[in-house]
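This report describes a protein model from its overall fold down to single residues. The sequence and structure come first.

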Amino acid sequence: MTVVAWPSRLIGPLILLPAGAFATAALAALAAQSGSRAIAVVGLVFCLGIAAILARNLLAVLVFTLCIAMAYNRQFYSFDGWLGDYGSFGLFWTLADAVMVTIILAGLARRAAGGRTLPAPRRHLSVELPMVLLVVVMVLSALRTDPLPPALFETLRIVKYLAYFLVLRSLLDRDLARVVLIGLGTMVAIQFALGVVQVALGAGGSGLGSLDEQTGEMARRATGTTGHPNMYAPFLLMPTLGFIALGASGRRLLVHRLSLAVGFAGALAIVLSQSRAPVAVLMLGLACLALSFIARRVLPAPRVIGAAVICAMLGLLALAPLAGKIVDRVTGDLQGSLEFRAEYNEAALGIWQLAPVLGVGPSGFVPKLPAFHPDYARINADIQPGRKAANVRAIAPVHNVYLWLLAELGLLGLSAFVVFLASAAWLFHQAGKGIKPANRFFLGVFWGFLGLGAVQLTDFSLWWDHQLMGLTLLMALAAFLRDERSAA
């Protein structure tokens with residue numbers, strides 16, 4: 001009797017194909033019972049699988065997907081049934097978390113299989129120690145709070161981004177670095193397109209769930225997938241200035257022209273948000289970027305001035321139909337906005353004085369607010385019913401991230417946070433040195449990050465998940481580019 005030996009290379013496909021077919025069928029059946037969004041998710045997963053097969057690089061497809069998914073500012077509270085319902089201070093996950101977990105599994109599988117990777121430069125420390133310091137302070141502050149779970153959940157949220165940075169930093173090579181840039185450019189283009197549709201239809205803050213016309217403050221303001229103009233505009237600052245820097249640093253290559261188009265689209269998106277501080281910071285960032293180009297002799301001064309005039313004219317033409325609305329937004333109720341922030345800042349300082357060194361604990365700001373400003377505490381209570389309906393973290397803390405962290409983490413926590421921001425700024429500055437397109441990109445990211453830090457004096461978006469995920473991805477890419485340049 002003759003025994004036929006199966007080639008070993010066929011064993012894997014013979015196992016994976018039936019398993020994959022069974023899993024796809026199960027997911028499709030489950031999605032059919034869960035609504036149109038679940039069906040869309042299953043369809044997306046299926047498309048990603050096809051893309052990974054065609055590209056023969058699962059990690060590249062996943063990293064590209066991460067760049068798109070991180071802009072979707074929805075938090076899913078699927079752990080409440082296990083851990084208890086702690087409202088907006090419970091444990092949650094986002095689409096970016098789901099993609100990152102898949103990236104981690106794919107990275108482990110590639111390492112276990114001995115997959116081919118491109119040579120990577122020796123890795124040096126950048127923001128790791130400041131992030132560890134911030135986590136240590138958060139742990140010390142959390143251990144002093146009651147109840148303990150919300151504080152621990154908030155601490156774990158920051159630990160998560162430290163872990164993500166380490167994973168991305170270990171996986172990035174030249175190919176994946178290019179994928180990140182392409183993914184970020186695609187994300188900006190998508191957010192711009194969504195913003196234009198929202199403004200045109202008057203949908204505003206209704207998000208992707210509805211494009212019905214709205215009235216009031218949120219009408220005809222771009223929000224993309226972030227849900228709010230004050231989340232949308234700061235999120236686009238760094239990549240927008242990055243692509244403008246990349247595009248303006250060359251004229252012949254197609255990549256420079258595409259980058260300039262993406263940067264211009266991002267700038268228009270920020271203006272369409274009608275969020276005052278980010279628009280002002282964008283203009284200042286463009287001026288600083290232009291001066292940097294002149295100082296580094298990347299471009300001559302006449303060309304910079306000419307490009308600025310042309311871009312300004314094109315921008316005014318594009319925004320002409322909304323000129324009246326934008327002027328009303330910029331000039332209307334400015335005094336009320338300033339008074340609101342001043343009163344909230346005073347309340348935050350009052351909460352900080354309860355525990356000046358370590359603060360009232362992570363997630364402790366809103367519970368302490370009623371004693372210092374009942375009206376703002378009522379605002380936070382009124383928005384809670386929409387938390388699970390919209391899958392968002394429904395809190396409205398003080399509109400100053402530095403005072404927010406000062407109140408929750410005290411002087412030690414704020415100091416650790418400032419050290420972290422300084423280390424990130426230095427990393428972006430180091431990555432911006434060099435003549436490669438990616439280095440030029442980070443020249444713009446550096447000014448965008450400084451502008452983002454300034455915006456946080458009147459905002460809290462930097463402590464939100466989509467912004468932290470974007471910052472984590474950019475820091476990992478910057479660390480790779482810095483180390484690659486130093487090894488050359």
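The model is predicted. The protein contains 20 helices and zero strands. Of its 488 residues, 50% are buried. Among contacts with a separation of 6 or more, 73% are between residues 24 or more positions apart. The accessible surface is about 23200 Å², and carbon and sulfur atoms account for 70% of this area.

In soluble globular proteins, nonpolar side chains tend to be buried together. Here the largest nonpolar core has 115 residues, and the members that touch the most others are L184, F365, F417, F428, F442 and M475. Helix α18, which spans residues 401-431, supplies the largest share of this core with 18 residues.

Apart from neighbours within four places in sequence, F365 is in contact with Y344, A348, I351, V360, P397, V398, W404, A407 and E408.

**Surface patch**

On the surface, V139, L143, L148 and L152 form a nonpolar patch, and their accessible area together is about 300 Å². V139 belongs to helix α6, residues 128-142. With a relative accessible area of 34%, V139 counts as partly exposed, because that class lies between 20% and 50%.

E484 sits in helix α20, residues 465-487. E484 is classed as buried because its relative accessible area is 13%, under the 20% limit. The side chains of E484 and R174 are joined by a polar contact of 2.6 Å. With neighbours within four places in sequence left aside, E484 is in contact with P121, R174 and K436.

G247 is located in helix α9, residues 229-248. G247 is also buried, with a relative accessible area of 3%. Between G247 and R257 the C-alpha to C-alpha distance is 5.8 Å, while the two are ten residues apart in sequence. Not counting residues up to four places away in sequence, G247 touches H256, S259 and L260.

| Residue | Relative accessible area | Class |
|---|---|---|
| V139 | 34% | partly exposed |
| E484 | 13% | buried |
| G247 | 3% | buried |

Technical notes:
Residues numbered from 1 in each chain as written. Predicted model: local features only at pLDDT ≥ 70, side-chain atom pairs only at ≥ 80, totals over all residues. Heavy atoms only, no water. Helix = DSSP H or I, 4+ residues; strand = E, 2+ residues; numbered from the N terminus. Buried < 20%, exposed > 50% of the residue type's maximum accessible area, 1.4 Å probe, protein only. Contact = heavy atoms within 4.5 Å. Areas by Shrake-Rupley, 256 points an atom, 1.4 Å probe, with all protein chains shown as cover. Polar contact = N/O pair within 3.5 Å; in protein donor to acceptor, adjacent residues only side chain to side chain. Patch = residues over 30% accessible without salt bridge, like charges linked within 9 Å, V, L, I, M, F, W, Y side chains within 5 Å. Salt bridge = Lys/Arg side-chain N within 4 Å of Asp/Glu carboxyl O. Core = buried A, V, L, I, M, F, W, Y, C linked by side-chain atoms within 4.5 Å.
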